[in-house]
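My entries follow the order in which I checked them.

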Amino acid sequence: MRTVDIWVSGMPIRESTTWAYPNGGHLGLFLVPVYQCTVTGVDDANRIVSERFDVLRFGVMCKDGRTASIVGLADRQTHVIKAWIGSYNVHSARSNENGAWQVYGNFLIHDGPDNSSELFATVGCIEIMGTQGFSRFNDLIIRLSGSKAKTRDAQLVEIGRAGTMRIKYDAAKRPPLKKV
C-alpha cells in the first residue's frame, strides 16, 4: 500500500452556515470558516497526484440546549488514520455518502454539505464539501493507495487498517462564535 497524505490548512477561505449540534437547533444559525484540504499521493503510473477539497473544520456544539460554543482541532498536529468506519451515517443532515475515516476518538472525516444551501452541523470533524465530495475524496484515496481489494468497501477497510494514510492539521485560529 502506498502512503496517502491529507493536509488541512489553517487559513479560512470563506464561511458556511451551520447550527449548534446536537441540542441547539432552536438557537439559530451560525457561521463557521471553510478551509482547504489537500490529498496527495502517487498513482499506479508513479505520478504525483494532488487534489483539493473544501472542508468544515470547526463547528458549533450545544449539549445543554442553552449554551453554544466553537469546537474542533485548532493546534498543529498529525495523525495516522485509525480506521474506515463503513457503518457511520452523518447525524446532522441527510446524506447518501456514508462511512467515515477515524482520525482519533470521535474526530472523523466524513461527508459535509453539497452546496451553500445545505445545512450540516459539525462538532469538529473534517466534513468534505461539494456535490459527491466525500465520494470523490474516497475515490482519490483508493486510487492513490494502491489497494488491490476486490470491492470498494473492502478497499476502504484495507486502507484504514494499513496505517499508510496520514492527516496533518495546520495550526488555525479558533474562530469566534458568530451568529448569522
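This is a predicted model: local features need pLDDT of at least 70, side-chain atom pairs count only at pLDDT 80 or more; totals for chains, interfaces and linings use all residues.

**Entry: salt bridges overall.** I searched the whole structure and got nine salt bridges. I then looked up individual pairs, including D54 with R14.

**Entry: D54 and R14.** Their side chains meet at 2.8 Å, N to O. D54 sits in strand β4, while R14 belongs to strand β2, residues 14–22, so the pair ties together parts that are 40 residues apart in sequence. D54 is partly exposed, at 22% relative accessibility. R14 is also partly exposed, at 40%.

**Entry: D43 and R47.** I found a salt bridge here too, with the closest N and O atoms 3.1 Å apart. R47 comes out exposed, at 53%.

**Entry: D139 and R152.** I noted a salt bridge between these side chains, 2.4 Å from N to O. The pair links distant parts of the chain, 13 residues apart: D139 is in helix α1, residues 133–145, and R152 is in helix α2, residues 152–162. D139 is partly exposed, with 39% relative accessibility. R152 is partly exposed as well, with 35%.

**Entry: R57.** R57 lies in the loop between β4 (48–56) and β5 (58–62). Which side chain of opposite charge is nearest to R57? That is D170, 6.6 Å away. R57 is buried and has no salt bridge. I then looked for backbone partners. The backbone oxygen of D170 lies 2.6 Å from a polar atom of the R57 side chain. The backbone oxygen of L73 lies 3.0 Å from a polar atom of that side chain. My note on D170: its backbone oxygen is in polar contact with R57, but its side chain makes no salt bridge to R57.

Entry: I looked up V180 on its own. V180 is found in the segment after β12 (165–169). V180 is exposed, with a relative accessible area of 63%. The cut-off for exposed is over 50%, so 63% qualifies.

Methods
Residues are numbered from 1 along each chain as its sequence is written. Side-chain values use heavy atoms; hydrogens and water are left out. Helices (H or I, at least four residues) and strands (E, at least two) are DSSP runs, numbered from the N terminus. Buried means under 20% relative accessible area, exposed over 50%, partly exposed in between (1.4 Å probe, protein chains only). Lys and Arg count as positive and Asp and Glu as negative; His and the chain ends are not counted. A salt bridge is a side-chain nitrogen of Lys or Arg within 4 Å of a carboxyl oxygen of Asp or Glu. A polar contact is a pair of N or O atoms within 3.5 Å; within protein, one must be able to donate a hydrogen and the other to accept it, and residues adjacent in sequence count only if both atoms are side-chain atoms.
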